[in-house]
Amino acid sequence: MQIHGSAALVTGAASGLGAATAALLARLGAHVYGLDLEAALENTATPAPDVTLLPADVTQDEPVRTALERIRVKGAPLRLAVNCAGIAPSARIIGRRGPHSLELFRKVIDVNLLGTFNVLRLAAAAIVEAEPDENGQRGLIINTASIAAFEGQVGQAAYTASKAGIAGLTLTAARDLADHGVPEAVKSNETV
């Protein structure tokens, strides 16, 4: 896939893996748009050159649609989406304060898994609008999972469940989107 001159969307771009991914793609010549929460963007240092940071909660439909529309208006075709947004609070199923908080579990699933799916579905719809390259490919979506998806540690029930969900989601999405020229990849990394 040709990165240089294409638009790339990176979630969780205010810090960590997302910021590093956005900076690398910009160095490779992509027009990078990084999404993150407005509060995270306010507390981030100056982004890498050629990275435009946009406020968006990945768990919400409209902010992601707005960001994708802004990318479309800028002119370069969206060919790459990298889902790095995620949280990793630690809590045991039975801890000193009693059972694991259902709200905490729900929040981790919401941000990590639902947020990944939300961006995946909307970015895929934008990517399929691009002209295919000489190999029939329109773009690529990368979803970030973790080794925790397969080897969860103590205190990682919510995080492990969310990352296992991403691994399974990515397999199905790759099959769903293959006919549209949008292969997917799951990147596993240890973040906790």
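In helix 4, the residues Phe 105, Val 108, Ile 109, Asn 112, Leu 113, Thr 116, Phe 117, Leu 120 and Ala 124 are in contact with helix 5, where contact means heavy atoms within 4.5 Å. Their partners in helix 5 are Ala 157, Ala 158, Tyr 159, Ala 161, Ser 162, Lys 163, Gly 165, Ile 166, Leu 169, Ala 173 and Leu 177. By class, this contact has 15 nonpolar, 4 polar and 1 charged residues. Here Ala, Val, Leu, Ile, Met, Phe, Trp, Tyr, Cys and Pro count as nonpolar, Asp, Glu, Lys and Arg as charged, and the others, Gly among them, as polar.

The model is predicted: local features need pLDDT of at least 70, side-chain atom pairs count only at pLDDT 80 or more, and totals for chains, interfaces and linings use all residues. Residues are numbered from 1 along each chain as its sequence is written, and side-chain values use heavy atoms, with hydrogens and water left out.

Helices (H or I, at least four residues) and strands (E, at least two) are DSSP runs numbered from the N terminus.

| Helix pair | Angle | Axes apart |
|---|---|---|
| Helix 4 (residues 102-127) and helix 5 (residues 157-177) | about 15° | 8 Å |
| Helix 3 and helix 4 | about 30° | 10 Å |

Helix 3 is therefore roughly parallel to helix 4, a term for angles under 35 degrees. On the helix 3 side, Asp 61, Val 64, Arg 65 and Leu 68 meet residues of helix 4 that include Asn 118 and Val 119. This contact has 6 nonpolar, 1 polar and 3 charged residues.

The largest nonpolar core has 26 residues. A nonpolar core is a set of buried Ala, Val, Leu, Ile, Met, Phe, Trp, Tyr and Cys residues joined through side-chain atoms within 4.5 Å; buried means under 20% relative accessible area, exposed over 50% and partly exposed in between (1.4 Å probe, protein chains only). Leu 9, Leu 68, Ile 71, Leu 78 and Ile 141 touch the most other members. Among the elements that each supply at least two residues are strand 1 (7-11), helix 3 (61-74) and helix 5, while helix 4 gives the most, with 6 residues.

Leu 114 also belongs to helix 4, and this residue is partly exposed, with a relative accessible area of 39%. Leaving aside neighbours within four places in sequence, Leu 114 is in contact with Thr 59 and Ile 109. Leu 114 and Thr 59 are 55 residues apart in sequence and 6.2 Å apart in space, C-alpha to C-alpha.

Conventions:
Axes are lines fitted to C-alpha atoms, for helices over the stretch in contact, and angles run from 0 to 180 degrees between N-to-C directions. Angles under 35 degrees count as roughly parallel, over 145 as roughly antiparallel, 65 to 115 as roughly perpendicular and the rest as oblique.
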